[in-house]
Amino acid sequence: MSRDMMPHFELYQPDTLENAIDLARRIGSGAWFLAGGNDSLDWFKDRHKRPTAVIELSGIKELSGIRETAEGLEIGALTTLTQIERSLIVREKYSLLSTAAGRVASPQIRNAGTLGGNLCQDTRCWYYRYGVSCYRAGGITCYADTPEGQNREHCLFGASRCIAVSPSDTATASVALDAKMVIRGPSGERVVPAEEFFIGPSKDITRMTVLKPDEVLVAVRYPREWAGAKFYFEKVTDRNTWDFALVSVAAAMFVEGDTIKNIRLVCGAVECVPRRLKASEQIAMGKSKNEEVAAQAGKAATEGATALNFNQFKVPLMENLVRRAIRDA
Ligand SMILES: Cc1cc2nc3c(=O)[nH]c(=O)nc-3n(C[C@H](O)[C@H](O)[C@H](O)COP(=O)(O)OP(=O)(O)OC[C@H]3O[C@@H](n4cnc5c(N)ncnc54)[C@H](O)[C@@H]3O)c2cc1C
Ligand code: SF4
């Protein structure tokens with residue numbers, strides 16, 4: 001097939017979730033769900049992904065909207081990042097998420113980009129995006145993990161043939177908020193904790209999430225337990241305009257007096273999944289929220305890190321971000 005032509009695909013625009021799932025089941029491996037299209041259309045135009053059928057989800061009303069429930073807040077997967085960034089209820093109760101959503105890309109991308117698309121997006125490894133036949137693309141090598149490989153954006157943890165990282169800012173915040181992912185497929189609905197939703201290359205090198213090809217992420221539930229906590233989100237990038245994280249941190253904590261009563265700490269862009277920092281959480285739990293505890297938790301965050309040729313800078317950066325999250329939240 002010529003590279004001059006975007007490959008042909010059938011376009012389906014179902015108005016019910018059942019129809020969308022049934023279409024994906026019947027079409028099989030050639031099907032592709034489309035939300036805001038920011039990531040998908042890049043892939044199609046670069047000719048590196050060639051679905052035979054695109055199933056556009058935007059006509060399915062139940063996938064959009066922000067609803068308060070007895071358990072907390074439920075956000076439909078088709079809700080745009082701008083809607084999340086501007087939502088008063090999200091800003092009031094889960095400002096970690098509205099802040100993270102507001103740090104994604106540019107206003108134009110946030111206007112079209114959806115929560116589901118942001119959470120389900122593929123990795124941004126330059127080699128893979130360029131279309132080389134690396135491990136993740138079904139080949140037999142990793143181009144980033146060679147002596148000359150350009151890997152300053154790549155991982156510190158969880159390498160397994162592939163060293164790519166999770167690029168999603170809302171994923172980091174969602175794991176910190178202990179969100180639950182509502183998934184629907186041909187055999188019904190399942191609810192998966194955000195921490196288990198994202199998967200690394202040792203589990204499946206061709207996917208970033210547990211979603212099967214005929215499953216749709218319907219909504220994300222943010223539990224009441226973390227509403228109104230103290231939050232901290234910081235994302236370090238090469239440029240001060242839109243850019244992906246070199247390292248980011250999302251923290252949620254409850255503090256009484258100066259004692260940290262409960263805490264969840266997560267770093268983005270250091271592993272193929274958002275990395276929960278349990279050792280750092282344990283150090284901080286029940287301790288005073290001060291510089292010394294923050295420094296200890298920061299040190300613990302990078303234990304076991306394996307830097308690559310060009311990303312050693314991520315180790316002190318991660319340590320400092322965790323330290324700042326505890327000190328300044
Ligand atoms: C220039 C640029 C800069 C960017 N910077 C950042 C950044 O700083 N931080 C960041 O986090 N992201 C960044 N992104 C990524 C961008 O935010 C995502 O591409 C966007 O959020 C994807 O949302 P979408 O709705 O457009 O998804 P789509 O492109 O429609 O979908 C993306 C993927 O998710 C799947 N999908 C979408 N919705 C569902 C669903 N409900 N169920 C199952 N599968 C689904 C699609 O099949 C596809 O594989 C950037 C992108 C660009 C182009
Ligand atoms: S890091 Fe992963 S995605 Fe990038 S070249 Fe290596 S195998 Fe491919």
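Is Arg-161 buried, partly exposed or exposed? At 47% relative accessibility, Arg-161 counts as partly exposed; buried means under 20% relative accessible area, exposed over 50%, and partly exposed in between, with a 1.4 Å probe and protein chains only. This is a predicted model, in which local features need pLDDT of at least 70, side-chain atom pairs count only at pLDDT 80 or more, and totals for chains, interfaces and linings use all residues. Residues are numbered from 1 along each chain as its sequence is written, chains are lettered from A and ligands numbered from 1 in the order in which they are written, and side-chain values use heavy atoms, with hydrogens and water left out.

**Salt bridges**

- Side chains of opposite charge can pair when their charged atoms come close.
- A search of the whole structure finds 30 salt bridges, each being a side-chain nitrogen of Lys or Arg within 4 Å of a carboxyl oxygen of Asp or Glu.
- One of them joins the side chains of Arg-184 and Glu-18, at 3.5 Å from N to O. Arg-184 lies in strand E6 (residues 180–185) and Glu-18 in helix H1 (residues 17–27), so this pair ties together parts that are 166 residues apart in sequence. Helices (H or I, at least four residues) and strands (E, at least two) are DSSP runs, numbered from the N terminus.
- The two partners fall into separate classes: Arg-184 is buried at 18% relative accessibility, whereas Glu-18 is partly exposed at 47%.
- Asp-22 and Arg-25 meet in a salt bridge of 2.7 Å, N to O. They are 3 residues apart in helix H1, which means that about one helical turn separates them.
- Asp-22 counts as partly exposed, with 28% relative accessibility, and Arg-25 is partly exposed as well, with a relative accessible area of 45%.
- The side chains of Arg-221 and Glu-74 form a salt bridge of 2.8 Å, N to O. Because Arg-221 lies in strand E8 (residues 216–223) and Glu-74 in strand E5 (residues 72–76), the pair ties together parts that are 147 residues apart in sequence.
- Arg-221 is partly exposed at 32% relative accessibility, while Glu-74 is buried, with a relative accessible area of 15%.
- Salt bridges with shared partners join Asp-178, Lys-180, Glu-195, Arg-264, Arg-276, Lys-278 and Glu-281 into one network.

**Ligand 1 and its surroundings**

- How many residues surround ligand 1? There are 34, and the closest are Phe-33, Ala-35, Gly-36, Asn-38 and Thr-114. A residue is near a molecule if one of its heavy atoms lies within 4 Å of it.
- By class, this shell has 17 nonpolar, 11 polar and 6 charged residues. Ala, Val, Leu, Ile, Met, Phe, Trp, Tyr, Cys and Pro count as nonpolar, Asp, Glu, Lys and Arg as charged, and the others, Gly among them, as polar.
- Strand E2 (31–34), helix H2 (38–45), helix H7 (115–120) and E8 each supply at least two residues of the shell. H7 gives the most, with 4 residues.
- Oxygen atoms of ligand 1 lie 2.8 Å from a polar backbone atom of Gly-37, 2.8 Å from a backbone N or O atom of Asn-38, and 2.9 Å from a backbone N or O atom of Asp-243.
- On its own, ligand 1 has 980 Å² of accessible area, and the protein covers 93% of this. Accessible areas come from the Shrake-Rupley method with a 1.4 Å probe; for residues, only the protein chains shown count as cover.

**Strands E6 and E7**

- E6 and strand E7 (residues 188–193) pair in the antiparallel sense over 6 bridges; two strands pair if DSSP finds at least two bridges between them.
- A hairpin joins E6 to E7 through 2 residues.
- Val-182 stands opposite Val-191 in E7.

**Single residues**

- Most residues other than glycine have a negative phi.
- Arg-161, a residue other than glycine, has a positive phi near 65°. Arg-161 is found in the loop between helix H8 (126–130) and helix H9 (169–176).
- Asp-178 also is not a glycine and has a positive phi, of about 55°. Its place is the loop between H9 and E6.
- Thr-69 lies in strand E4 (residues 66–69) and is partly exposed, with a relative accessible area of 30%.
- Thr-69 and Arg-25 are 44 residues apart along the chain, and their C-alpha atoms are separated by 31 Å.

Conventions
A polar contact is a pair of N or O atoms within 3.5 Å; within protein, one must be able to donate a hydrogen and the other to accept it, and residues adjacent in sequence count only if both atoms are side-chain atoms.
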